[in-house]
Structures are given as C-alpha cells and as structure tokens.
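Visitor: I would like to learn how to read the features of a protein model one at a time. Could you take each idea in general and then show me the case at hand?

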Amino acid sequence: MTRWSSGLLLGILLLANSGCTSLVVGAGATAGVAAMQERGFKNSVSDNAINANLWRKYLEIDRQMFVDIEIEVVEGEVLLAGHVATADIEMTAVKTAWQTDGVKRVINELHVGGELGLIDSANDLLISTRIKTALMFDSRVYAINYNIETVDGTVYLMGIAQNKDELDRVISHVRATSYVKKVVSFVRLKDDPTRKRT
C-alpha cells in the first residue's frame with residue numbers, strides 16, 4: 001500500500017469511527033446526542049473518553065495497530081475488531097484495552113493474519129453506512145443506541161435495544177444489506193439485569 005493510499009484509508013477510518021464523532025459534529029451536538037442515548041450522558045461521555053484514550057495508546061504503540069483495529073465502546077465494554085499481523089500484536093492490543101481506565105470488559109474479535117486492502121475497507125465502510133441509514137429511517141428502531149463496525153464483510157453490533165423485537169428488526173436490516181457475510185451481535189436489551197453493574 002502506498003503512503004498516499006495509507007493516508008486516505010486512515011482518513012476514511014477516522015471519519016467513519018463513531019469515537020471521532022465529536023471532531024466532526026462539534027461538542028454541543030455531541031452532548032445532545034449523548035443525552036438522548038439509552039446509556040445516558042454520563043456513560044456516553046465515559047465511553048467516548050475510553051475510546052479516545054485507547055486510540056491514543058494504540059497510535060503511540062504502533063501506527064499500524066491504530067490503523068488495523070476498530071474500536072467500539074458501550075457502557076465500559078470495549079469491542080476490538082480487525083486483522084492484525086501477529087499474535088503478539090493481538091495480545092498487546094487486548095492487554096492495553098484492559099489497562100485503560102473505565103474498561104469493564106474487552107470483547108476480542110481480532111483475527112491474526114490477512115490484510116484488508118483499500119477496496120475491502122471502502123466496501124466495509126459502505127456496508128456500515130447503508131446499515132446506519134436503514135436504521136435511521138426505521139421509525140421502530142432507536143438508531144442512536146446502536147454502534148456498528150464492519151470488518152471484511154462481518155458486521156459487529158453493539159448497543160442497547162429497547163426490546164427483542166427492535167433487535168430483531170436491526171439484525172434483519174443488517175442481513176438485508178448487500179455484501180454482508182456475517183452478523184455478530186453484542187447488543188444488550190434495555191432491561192438486561194447485567195446492565196445494572198454499569
């Protein structure tokens with residue numbers, strides 16, 4: 001991959017990553033979004049801080065780690081997804097996540113080996129965008145409560161569903177999206193008793 005391609009991909013991934021939303025829409029709008037989310041303002045701010053701290057740590061450790069790993073954080077639970085070159089990098093990424101303040105759980109969906117090209121990454125971004133758009137226009141889904149990451153056609157869902165029917169609708173939208181190979185859900189229901197610990 002050329003330096004220009006790497007830079008373009010990095011820019012796309014940064015803009016697509018929900019943890020960078022505040023850089024794009026501004027602090028005021030971000031605060032408004034956080035207040036409306038099911039996880040509440042306090043948890044949303046904490047999750048964004050975890051996300052930002054983890055991005056910073058990965059960038060300090062290894063620029064390629066920063067590029068290769070996708071991060072989503074919901075109520076202190078961290079999802080790591082992507083392809084990394086070696087098992088040592090995977091171990092470092094997971095260990096670093098656990099050592100980040102506020103983290104309550106690390107979900108390791110990293111795969112060792114294989115590399116996504118620019119076209120693959122652009123396709124993943126397109127899949128995520130289509131899903132987010134579909135959820136936003138579904139009046140029976142609170143789209144604001146869902147985080148979506150796509151890696152090599154596998155869609156990872158995190159967030160808080162109002163009920164099982166809503167979650168089923170979300171998964172149905174994902175499965176109806178072109179080029180999706182697999183759906184992996186870590187979404188919790190709103191009344192899930194395990195959320196009380198967060």
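This is a predicted model: local features need pLDDT of at least 70, side-chain atom pairs count only at pLDDT 80 or more; totals for chains, interfaces and linings use all residues.

Visitor: Which residues of the largest nonpolar core touch the most other members?

Guide: In soluble globular proteins, nonpolar side chains tend to be buried together. A nonpolar core is a set of buried Ala, Val, Leu, Ile, Met, Phe, Trp, Tyr and Cys residues joined through side-chain atoms within 4.5 Å. Here the largest one has 19 residues, of which Leu 54, Tyr 58, Ile 69, Ile 71, Val 78 and Leu 80 touch the most other members. At least two residues come from each of H4, H5, strand E1 (69-74), strand E2 (77-84), helix H6 (87-98) and strand E3 (105-112), and H4 gives the most, with four residues. Apart from this core lies another, of 15 residues, among them Ile 127, Ile 131, Ile 148 and Val 170. As for Ile 69, if its neighbours within four places in sequence are left aside, its contacts are Trp 55, Tyr 58, Leu 80, Ala 81, Val 84, Ala 93 and Leu 110.

Visitor: Which residues form the aromatic pair, and what is its geometry?

Guide: Rings of Phe, Tyr and Trp (its six-membered ring) pair if their centres lie within 6.5 Å; planes under 30 degrees apart count as stacked, over 60 as edge-to-face and the rest as tilted. The structure holds one aromatic pair. It is formed by Trp 55 and Phe 66, edge-to-face, with 4.9 Å centre to centre and 65 degrees between the planes. The pair links distant parts of the chain, since Trp 55 belongs to helix H4 (residues 40-61) and Phe 66 to helix H5 (residues 63-68), 11 residues apart. Trp 55 is buried at a relative accessible area of 9%, and Phe 66 counts as buried at 9% relative accessibility.

Visitor: Which residues of H6 are buried, and which are exposed on its other side?

Guide: One can look at the arc, which is that of the directions from the helix axis to the C-beta atoms. In H6, Glu 90, Ala 93, Val 94, Thr 96 and Ala 97 are buried. They cover an arc of only 160 degrees around the axis, which puts them on the same side of H6. On the other side, Asp 88, Met 91 and Lys 95 are exposed, while the cover over the buried residues of H6 includes H4, H5, E1, E2 and E3.

Visitor: Which residues are buried in H8, and what do they pack against?

Guide: In H8, the buried residues are Glu 166, Leu 167, Val 170, Ile 171 and Val 174. Seen down the axis, the buried residues of H8 fall within an arc of 135 degrees, so they line one face of the helix. They pack against H7, E4, E5, E6 and strand E7 (188-189), and the face of H8 turned away from the buried side carries the exposed residues Asp 165 and Arg 175.

Visitor: Where does Val 141 lie, and which residues does Val 141 touch?

Guide: Val 141 lies in the loop between helix H7 (118-136) and strand E4 (146-151), and at 6% relative accessibility Val 141 counts as buried. Not counting residues up to four places away in sequence, Val 141 touches Leu 135, Tyr 146, Glu 166, Arg 169 and Val 170.

Visitor: What is the phi of Asp 152, and what is that of Tyr 179?

Guide: Most residues other than glycine have a negative phi. Asp 152, although not a glycine, has a positive phi of about 55 degrees; Asp 152 is found in the loop between E4 and strand E5 (154-161) and is partly exposed, with a relative accessible area of 29%. Phi of Tyr 179 is near 75 degrees, again a positive value in a residue other than glycine. Tyr 179 has its place in the loop between helix H8 (164-175) and strand E6 (182-185), and is exposed, with a relative accessible area of 56%.

Technical notes:
Residues are numbered from 1 along each chain as its sequence is written. Side-chain values use heavy atoms; hydrogens and water are left out. Buried means under 20% relative accessible area, exposed over 50%, partly exposed in between (1.4 Å probe, protein chains only). Contact means heavy atoms within 4.5 Å.
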